[in-house]
Amino acid sequence: MGASVKTIVIIVVLVILGALALDAFYIVDERQRAIVLRFGELTSGEGGENPGLHFKLPIADEVKYFDARVLTMDTPPQRYYTSEKKPLIVDSFVKWRVGDPPLYYTATSGEEETANGRLQDRVNEGLRNQIGRRTMHDVISGERDQLMQELTNDLNRVMLAEFGIAVLDVRVKKIDLPPEVSAAVFDRMNSERAIEARQYRAGGTEIARGITATADRESVVIEAEAYKEAEQIRGDGDAEAARIYAEAYNQDPDFYEFYRSINAYRTVFSDGNSLLVLDPSSEFFKYLKSDSGN
């Protein structure tokens, strides 16, 4: 009976020693950072365990694990005022991770929700300061990248020193005008665009009139040049015809006179209804009554 009790005691002791031996080692994953608490206090000089296998004192030491990956915090949209006292609704987000595990644990008790709350307060303060120094144009487009870079650097310095949080990036998802001023701004933009459209339309009309006037002037010049050339050609033709008639007349004046009279008779009496009141002895009827005319 005594041997059996002794054996059981030995087994129990071995189990306890085995459990203590297993409890003396811990593993930190690649996606984690860890700190060791000895009786609830941070161990001296502890800066956050790197990934791998580590040793600790059983029972006395407790390991706290933190997510080492990049985390995202979405901040709710907030109202900020520019240097012109114009309100803007800014929706932003922050990329961060645990930079100093011991300080992070001391400042936030290792609670991610607490860390997000502290970070959100500082983001709101930083955005308020940065936007308050700039105009609306600078915030929206002119100096937006510079604003985000300055805000990221300032937040990273403050949060790392006070809370052990490394701020990697701050970005704005959306910038809107408050509902109460959106309608007024849109109306003003519409008015400005309408004025600009009228200016473009007036300029286009003026250019069109200039083009039309130039085309009309060129048309008149072309028509005048064409008429001048036509008259010159017609004059040359008439002169040539007169020369030919003169040459024909000089060759046989009697025949030419007779030929012209016959053409005149044909023209006058072509319709059969012509009525002329002339002296029968008129030169016009010379070839109708003379023997030579027959």
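Mentor: Let us start with a term: strands are DSSP runs of E with at least two residues, and they are numbered from the N terminus. Please keep in mind that the model we are looking at is predicted.

Trainee: Where is Ile59 found?

Mentor: Strand S4 covers 52-55 and strand S5 covers 61-67.

Trainee: Is Ile59 buried or exposed?

Mentor: A residue is called exposed when its relative accessible area is over 50%. Ile59 has a relative accessible area of 71%, so Ile59 counts as exposed.

Trainee: What distance separates the C-alpha atoms of Ile59 and Arg38?

Mentor: Along the chain, Ile59 and Arg38 are 21 residues apart.

Trainee: Is Gln130 buried or exposed?

Mentor: Gln130 belongs to helix H3, which spans residues 112-132. Buried means a relative accessible area under 20%. The value for Gln130 is 2%, and therefore Gln130 is buried.

Trainee: Which residues does Gln130 touch, not counting residues up to four places away in sequence?

Mentor: A contact here requires heavy atoms within 4.5 Å. With residues up to four places away in sequence not counted, Gln130 touches Leu147, Glu150, Leu151 and Asp154.

Trainee: How much of the chain do buried residues make up?

Mentor: The chain has 294 residues, and its secondary structure comes to 8 helices and 9 strands. Of these 294 residues, the buried ones make up 25%.

Technical notes. Residues are numbered from 1 along each chain as its sequence is written. This is a predicted model: local features need pLDDT of at least 70, side-chain atom pairs count only at pLDDT 80 or more; totals for chains, interfaces and linings use all residues. Side-chain values use heavy atoms; hydrogens and water are left out. Helices (H or I, at least four residues) and strands (E, at least two) are DSSP runs, numbered from the N terminus. Buried means under 20% relative accessible area, exposed over 50%, partly exposed in between (1.4 Å probe, protein chains only).
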